[in-house]
Amino acid sequence: MLNKLKSSLLEQKYFWIFLFFYLIFRIFIINTNSAEWGDSYRILRASEYLQTFTYPEDEKRPPLFSVLLLIKLHEDPVLAGRIVMIFVSLINLFLLYSLSSKILKFLNYKSGISKYIPLIVTFLFSVSPLYLYWSLRIYADNLFLTFLFLSFNLYFNFLVSQKGIQKLLNIVLLSLISLLAILTRFEGYLIFVSIAIVYRDWE
């Protein structure tokens, strides 16, 4: 078991090196935004309310992202929120790399260069202006993307799993992720589509 884990880590060494430098890069640009948008401050305000187990009556956003921001990594709530965004971004890159690897394995690509495709995909995504812009801000979109990547990873786990109990476990986990996604953004209802696909394939 340990040898298999060691072998897996060595195969992914370039990804871990990339992730390390990406972390340094994100720390370096953490204060690129001189200020957050109004919605960010409303999300932070909701987080402050949650400390007293209440929620703003005029806040229409789901509460899960504000709950996550209860993790105080700095006395400045804006900077603390940006630090949380860095960790969420790192998780997203790991999930995207994992998803890309599973897709290649599922499609049975065996060419020499194919093992670098997940890393290339992850790198291009990480420097995408659209993702970089929104992941720098204290918005729920980044966390929502985490649940989206998780749902896709679980779906591919379902495709390759053989035992009925494993398939059932994936459906249960997909249901849980869908619930968490809905509590992050209302668009999380769309993840239920993936559950329907899994259930259809299971049948």
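Helices (H or I, at least four residues) and strands (E, at least two) are taken as DSSP runs and numbered from the N terminus. This is a predicted model, in which local features need pLDDT of at least 70 and side-chain atom pairs count only at pLDDT 80 or more, while totals for chains, interfaces and linings use all residues. Residues are numbered from 1 along each chain as its sequence is written, and side-chain values use heavy atoms, with hydrogens and water left out.

If contact means heavy atoms within 4.5 Å, then 67% of the contacts in the protein chain between residues at least 6 apart in sequence join residues at least 24 apart. With buried meaning under 20% relative accessible area, exposed over 50% and partly exposed in between (1.4 Å probe, protein chains only), 41% of the 203 residues of the protein chain count as buried. Accessible areas come from the Shrake-Rupley method with a 1.4 Å probe, and for residues only the protein chains shown count as cover; the accessible surface of the protein chain comes to about 12300 Å², and carbon and sulfur atoms hold 70% of that surface.

Phe53 has a positive phi of about 60° although it is not a glycine. Most residues other than glycine have a negative phi. At 79% relative accessibility, Phe53 counts as exposed.

A salt bridge is a side-chain nitrogen of Lys or Arg within 4 Å of a carboxyl oxygen of Asp or Glu, and the structure holds six salt bridges. In one of them the side chains of Asp58 and Arg45 meet, with 2.8 Å from N to O. Because Asp58 lies in the loop between helix H3 (38-50) and helix H4 (64-68) while Arg45 lies in helix H3, the pair ties together parts that are 13 residues apart in sequence. Asp58 is partly exposed, at a relative accessible area of 42%, and Arg45 is partly exposed as well, at 25%. Another salt bridge links Arg61 with Glu59, whose closest N and O atoms are 2.7 Å apart; here Arg61 is partly exposed, with a relative accessible area of 28%, whereas Glu59 is buried, with 8%. Arg185 and Glu187 form a further salt bridge, the closest N and O atoms being 3.0 Å apart, and they count as partly exposed at 25% relative accessibility for Arg185 and 35% for Glu187. Salt bridges that share partners join Arg42, Arg45, Asp58, Glu59 and Arg61 into one network.

What lies on the surface apart from these charges? Patches are made of residues with over 30% relative accessible area and no salt bridge, like charges being joined within 9 Å and nonpolar side chains (Val, Leu, Ile, Met, Phe, Trp, Tyr) within 5 Å. A nonpolar patch on the surface, with about 1100 Å² of accessible area together, is formed by Tyr14, Ile17, Phe20, Phe21, Ile24, Ile113, Tyr116, Ile120, Phe123, Leu124 and Val127. Helix H2 (13-28) and helix H6 (117-126) each supply at least two residues of the nonpolar patch, and H2 gives the most, with five residues. Phe20, which is found in helix H2, is partly exposed, with a relative accessible area of 47%.

The empty spaces come last. Rolling a probe the size of a water molecule over the atoms shows where empty space is left. On a 1 Å grid over the protein atoms alone, a cavity is a set of points where a 1.4 Å probe fits but cannot get out, and a pocket is an open set with protein on both sides within 12 Å along at least five of seven lines; lining residues have an atom within 4 Å of a point. Grid points are joined across faces, edges and corners, and a volume is the space filled by probe spheres set on the points. A search of the whole structure finds one cavity of 30 Å³ or more, and the largest cavity has a volume of about 30 Å³. Its lining consists of Leu44, Leu69, Ile71, Lys72, Pro77, Ala80, Gly81 and Val84, and helix H5 (residues 77-107) contributes the largest share of that lining, four residues.

The second largest pocket has a volume of about 190 Å³ and is lined by 16 residues, of which Arg61, Pro62, Ala140, Thr184 and Arg185 lie nearest its centre. H3 and H4 are the elements that give two or more residues to the lining of this second largest pocket, and H3 gives the most, with three residues.
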